[in-house]
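Have a look around, then read on.

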Amino acid sequence: MNRRIKTLSSWYSLIVFLVSLGPTAIAQWTAEEDAQYVQRFLEKFPEVSPIPEWKEFASPQRYDELFMGKGFDSSLQNVDNESGGMAWGLAYRMMSLNEMYRVTKDRKYLDANLKCIRAGLAARDDVRSKKLWTGEIAPIWGCSKYTPRGRAVFAVHTGMIVYPILDCLALVQGDGTFGVEMELELESMQRRAIESLEFHDRQWRAGSADGEGHYVGLNQEEILDDKPLPGNRLSAMGRALWSAWKLTGKELYRHKALAIGQYIKNRLIVAPDGAYYWGYWLAAEPVTESLPKEKVDGEDISHGSLTMDLPILLALEDQVFTAEEMKRLGKTITNGFTRLNNGVLFGDVTGNPKSNPALVQSPGRWLSVAPYAPEIVPRLREFYLKYHPKPDALDMALLLKHQPQP
């Protein structure tokens, strides 16, 4: 207890000191607000002691120990998405396996992911004869959790599940060690994944501005009926569409992914500090007004990282977003939720001390911005070393992929 009191006292003193340096040293919230947030953060994330060495914390060996052990196969038995578990659990594990292959070039990660794909496709509604609340049996993964209407299908779940499937299949194509005997199975996997993606064509809408496109809600939450989906949900579908184009060459998928990217871009606020900020609910029309971050009801950093995944993916191929605009996203991290620069992270993208520390979930996903803003890497790494000793699978893979070079 004494150690905790001393820690909080030192944090408060540091914040007061930074504020005394002037308005450029820290965001324009008060020192007291920041100190209160730090206290709540430390209750959620007690500081690790002793702080581990990096080589002990993050390595392919530790990834394997944590996520590739004896329980891997058993975890794939009877998977389902009834409570969103495939979209928010299995899908991220699949993404991590793809990234671990990119880090190591070890085929075992693709083999493991193919097991996940088999289990995931076997859990589809049409395979298990499960109906949606509308009575339809669809080639997707329904969910009973989020709407009082009953069992529904969510585009974001489809996007989350299909994206790592298609990404894995592209990596398998490029690996060169998979024999021709697997071709029929791989073709079936690709066909069925794209069938799930195309189920949502009925939700596609052009506009509202030129070059934009988006999906709307349909038969899910009533408040979203024929309304644009939030940015994070659009981004999940956009990534899957981009991967579908990469695999098939079908231009329609590329067109839709770029249109979603433009839709998101047009609704990001460029603040006076040079960073992008945005809310969970994107504006109905393109945004032209600049606002300081203190005036933005920022999206939480968990959903926010997903909202930015498509823009980052497109920027890496010089589409829609430029390298300079990705540097703005780097400032979202340095000026926003990592602004204290000491491992303490805020719960929303603006760095608002009124945000909830519980929303600091898997911030390692923001490491994909590192090619444009390498200064974010030590800030995010410090959070894990000091406050989060057991990262999620995707976080670990991205920490390895974007670790500073010796």
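Predicted model: local features only at pLDDT ≥ 70, side-chain atom pairs only at ≥ 80, totals over all residues.

Let's begin with the backbone. Most residues other than glycine have a negative phi, and most peptide bonds are trans. With that in mind, a few spots deserve a look.

Asn 219 lies in the loop between strand 2 and helix 11 (231–248). Its phi is positive, near 60°, and Asn 219 is not a glycine. Is Asn 219 buried, exposed or partly exposed? Its relative accessibility is 30%, so Asn 219 counts as partly exposed. Lys 105 also has a positive phi, near 60°, in a residue other than glycine. You'll find Lys 105 in the loop between helix 6 (85–104) and helix 7 (108–122). With a relative accessible area of 57%, Lys 105 is exposed.

Now for the cis peptide bonds. Ser 49 to Pro 50 is one of them, with omega near -5°, and Pro 50 belongs to the loop between helix 2 (31–44) and helix 3 (54–57). The bond from Gly 207 to Ser 208 is cis too, with omega near 20°. Ser 208 sits in the loop between strand 1 (204–206) and strand 2 (213–215).

## A look at helix 9

Helix 9 covers residues 155–175, which makes 21 residues. From the first C-alpha to the last, helix 9 reaches 30 Å, close to the 30 Å expected at 1.5 Å a residue. How much of helix 9 is covered? Most of it: 18 of its 21 residues are buried.

How many aromatic pairs does a search of the whole structure find? It finds 16. One of these brings together Tyr 146 and Phe 154 in an edge-to-face pair, with 5.7 Å from centre to centre and 80° between the planes.

Another pair joins Trp 278 and Trp 366, whose ring centres are 6.3 Å apart; their planes meet at 35°, so the pair counts as tilted. This pair links distant parts of the chain, with the two residues 88 residues apart. Trp 278 is in the loop between strand 4 (276–277) and helix 13 (301–315), while Trp 366 is in the loop between helix 14 (323–337) and helix 15 (376–387). Trp 278 is buried, with a relative accessible area of 1%, and Trp 366 is buried as well, at 1% relative accessibility.

## A cluster, and charges over rings

Some rings join into a cluster. Ring pairs link Tyr 37, Phe 41, Phe 45, Phe 346, Phe 383, Tyr 384 and Tyr 387.

Finally, look for arginines beside aromatic rings. Which ring does the charged end of Arg 107 sit over? That of Phe 178, at 3.7 Å from the ring's centre. The charged end of Arg 254 sits over the ring of Trp 245, 5.4 Å from its centre.

Terms used: Residues numbered from 1 in each chain as written. Heavy atoms only, no water. Helix = DSSP H or I, 4+ residues; strand = E, 2+ residues; numbered from the N terminus. Expected span 1.5 Å × (residues − 1). Buried < 20%, exposed > 50% of the residue type's maximum accessible area, 1.4 Å probe, protein only. Phe/Tyr/Trp six-rings, centres within 6.5 Å; stacked < 30°, edge-to-face > 60°. Lys NZ or Arg CZ within 6 Å of the ring centre and 35° of its normal.
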